[in-house]
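Here is a short walk through one protein model, written for reading beside the viewer. Please keep the structure open as you go.

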Amino acid sequence: MTMPDVKHRFIPYGRQWIDQDDIDAVVEVLKGDYLTTGPYIEQFEEAIAEYTGARYAVAFANGTAALHGACFAAGITEGDEVITTPMTFAASANCVLYQGGTPVFADIDEKTYNIDPQEIEKKITAKTKAIIPVDFTGQPVDLDEILEIARRHNLVVIEDAAHALGATYKERKIGSISDMTMFSFHPVKHITSGEGGIITTNHRDYYETLVQFRQHGITRDPDRLQNPDEGPWFYEMHFLGYNYRMTDIQAALGTSQMKKLDPFVERRREIVKRYNEAFSDVPGITIPFEKDDRRSSWHLYVIRLNPEHLKNADRKRIFEALRTQQIGVNVHYIPVHYHPYYRERGYEKGSYPIAEKLYEEMMTLPLFPAMEDDDVQHVIDTVKHIMSTYSR
Ligand SMILES: *Cc1c(COP(=O)(O)O)cnc(C)c1O
């Protein structure tokens, strides 16, 4: 096999897809009356609620702010423990710390790389208040098992579905199942609003608290005011909230992008099918595993490199060789407890063997809807070539 085209353009692991209609939607807002908290916020929230089948949706400035809001609404406070996975972006655990709570990690399942319900059960104490499972790479977690554990121990489930917009669990859309579900609209995610995030929920009380939380803890709702007769200018702050509002500019972009979500997810699935076919019989590579009763929306395509199979090379060497060939490989994620901030707070390497072993072996290949067939083929050819160079 000859070395594939070295002068190929750089292919990132993910990126947005913006069309003229998205640009037009943003320009229309810029020419209008409201740059923030205008009519597009509600339109965007309605579009997400309708798509996911959730009763309510509350937009935030970004997904991390949305997770913070969900932790507040769940009543997480000092002394509370919240169980999450170490195999995620730091925000899934940081949101607990914002509220003064303690993240407790539970190890992952060897095959799906998602949090293992049996490990969750082992980590429950009298202080446990909530679970934040993460739909890693877009594959929904074991929701039935997790929700059953939560009901039994009176815990709130905040699903971090930053990877899973468009995914389904037992034929139901992600976003309508957990107590609260978070989606992110960062440019590498399924649709983008620049920065942006949202919480979906079926519970009216969470919804009302979230709306107030993203606005300093302030309300103007006459039904919620303690002194409703003060005057038409009146508003009240009831708790310490934040300015976590999404702008109308972002919401217009998000609303326009929502119209294309299904074709975006479809294209991701098509590329994954090609990758799976190409890599399933490559020695040394383990392709992702998808459970029968759920459909991933494929935010990331993560392969595993078997170290016993490699000759004169490790994951780092393969990674560097691919980068040299303009393939924007990445590693998702550095386990959260490896970060110095967490280590300084007593979290230890060695505590979550499956996540830690996976971290040594995993690599994310480029996957985004705007990827052309030619780019997909370039990734396939280059990965195969490099693997054959470094295989026993
Ligand atoms: C992207 C992401 C977030 C945070 O979203 P932002 O919108 O970037 O704040 C949280 N959790 C996971 C797993 C993510 O991938």
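Let's begin with glutamate 119, which sits in helix H5 (residues 117-123); helices here are DSSP runs of H or I with at least four residues, strands are E runs of at least two, and both are numbered from the N terminus. This is a predicted model, where local features need pLDDT of at least 70, side-chain atom pairs count only at pLDDT 80 or more, and totals for chains, interfaces and linings use all residues. Residues are numbered from 1 along each chain as its sequence is written, and side-chain values use heavy atoms, with hydrogens and water left out.

The side chain of glutamate 119 makes a polar contact of 2.8 Å with the side chain of lysine 122. A polar contact is a pair of N or O atoms within 3.5 Å; within protein, one must be able to donate a hydrogen and the other to accept it, and residues adjacent in sequence count only if both atoms are side-chain atoms. Not counting residues up to four places away in sequence, glutamate 119 also touches Ala106 and Asp107, contact meaning heavy atoms within 4.5 Å.

Next comes helix H4 (residues 91-98), where Ala91, Ser92, Ala93, Cys95 and Val96 are buried. For accessibility, buried means under 20% relative accessible area, exposed over 50%, and partly exposed in between (1.4 Å probe, protein chains only). Among the elements covering the buried residues of H4 are helix H3 (63-73), strand S4 (128-132) and helix H11 (340-343). Just after H4, glycine 100 has a positive phi of about 85 degrees.

Which residue does UniProt list for "active site"? The unreviewed entry gives Lys189; such annotations may be inferred rather than shown by experiment, positions follow the numbering used here, and feature names are shortened. Lysine 189 lies in the loop between strand S8 (180-184) and strand S9 (197-201). Leaving aside neighbours within four places in sequence, its contacts are Ala162, His163, Ser184, Arg268 and His299.

Phenylalanine 234 is also in a loop, between strand S10 (218-219) and strand S11 (236-237). Beyond its neighbours within four places in sequence, phenylalanine 234 contacts Arg220, Leu225 and Asn227. Its C-alpha atom is separated by 9.2 Å from that of threonine 219, 15 residues apart along the chain.

Isoleucine 18 is found in the segment before helix H1 (20-31).

| Residue | Relative accessibility | Class |
|---|---|---|
| Lysine 189 | 14% | buried |
| Phenylalanine 234 | 19% | buried |
| Isoleucine 18 | 36% | partly exposed |
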